[in-house]
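Subject: Structure handover

Dear colleague,

Here is the structure, handed over with its sequence. My notes on it follow below.

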Amino acid sequence: MGNARNAGKDRAVEYSLEAMKKQIKEIPSILFLMISFGVAIRVMTGGKEEVPLHWNVRGEIDSWGDTWTIVLLPVIALALYGLLTLLQRRPQWYNYPCKITDKAGAYKLMSGMLGHIKNFVMLLFLYITLAVAQIIELNTFVLLLVALAIPFIIVVMSKKFERFS
């Protein structure tokens, strides 16, 4: 009977450690999102009348808009964060690249992949928000690099699903 209690405690500790690891992996996304909102609020209250809305290929601003438009970036990022978090918690909804026999392993891999994608999406929106706030200069190479990291993660991780079929 004592062994059963210890086994139960071990499982509880193991579960809480797993839950803690999942929460720690959320920190970058949440941090990027909070900084984006902070920057947007700072720009809104900072007295600027216009913010850049569009850049040409050379990274030069070629369109300006009202200051309130900067709030749209963190709001869209928040909506995407919510959607990606929902999908991350429902791996059975995904369209897998092959027939899955080991569902537990595939679900864990897909959930991890979506966590990485979420971090890069939030980083991308933070980068764009900082550029719109004119805190950093928009570099099209950096923008392209971060944006291409997302499909790269998908392609690399898709190859790993073959071991679950």
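A residue is called buried when its relative accessible area is under 20%, exposed when it is over 50%, and partly exposed in between (1.4 Å probe, protein chains only). This is a predicted model: local features need pLDDT of at least 70, side-chain atom pairs count only at pLDDT 80 or more, and totals for chains, interfaces and linings use all residues. Residues are numbered from 1 along each chain as its sequence is written, and side-chain values use heavy atoms, with hydrogens and water left out.

Salt bridges

The criterion is a side-chain nitrogen of Lys or Arg within 4 Å of a carboxyl oxygen of Asp or Glu. The count by this rule is 2 salt bridges. In one of them, E60 pairs with R58, with 3.3 Å between the closest N and O atoms. E60 is partly exposed, at a relative accessible area of 41%, while R58 counts as exposed because its relative accessibility is 66%.

E26 also forms a salt bridge, with K118, and here the closest N and O atoms are 2.8 Å apart. This pair links distant parts of the chain, since E26 belongs to helix α1 and K118 to helix α3, 92 residues apart. Both E26 and K118 are buried. Helices (H or I, at least four residues) and strands (E, at least two) are DSSP runs, numbered from the N terminus.

Core and α3

A nonpolar core is a set of buried Ala, Val, Leu, Ile, Met, Phe, Trp, Tyr and Cys residues joined through side-chain atoms within 4.5 Å. The largest one has 36 residues, and Y96, I117, V121, M122 and F161 have the most contacts inside it. Two or more residues come from each of α1, β1 (50-55), α2, α3 and α4. The most come from α3, which gives 14 residues.

Of the 30 residues in α3, 21 are buried, so the helix is mostly covered. The expected span of a helix is 1.5 Å times one less than its number of residues. L109 and V57 are 52 residues apart in sequence, and their C-alpha atoms are 36 Å apart in space.

Q134 sits in the loop between α3 (103-132) and α4 (140-160). Its phi is positive, near 60°, and Q134 is not a glycine. Q134 is partly exposed, with a relative accessible area of 38%.

Helix α2

Helix α2 (residues 72-89) has 18 residues, and the 26 Å from its first C-alpha to its last is close to the 26 Å expected. Its buried residues are L73, P74, A77, Y81, L84, T85 and Q88. Viewed down the axis of α2, they fall within an arc of 105°, so they line one face of the helix. The arc is taken from the directions from the helix axis to the C-beta atoms.

Surface patch

L17, M20, I24, I27, L31 and I35 make a nonpolar surface patch of about 540 Å². Patches are made of residues with over 30% relative accessible area and no salt bridge; like charges are joined within 9 Å, and nonpolar side chains (Val, Leu, Ile, Met, Phe, Trp, Tyr) within 5 Å. Areas come from the Shrake-Rupley method with a 1.4 Å probe, and for residues only the protein chains shown count as cover. L31 lies in helix α1 (residues 2-45) and counts as partly exposed, at 44% relative accessibility.

Regards
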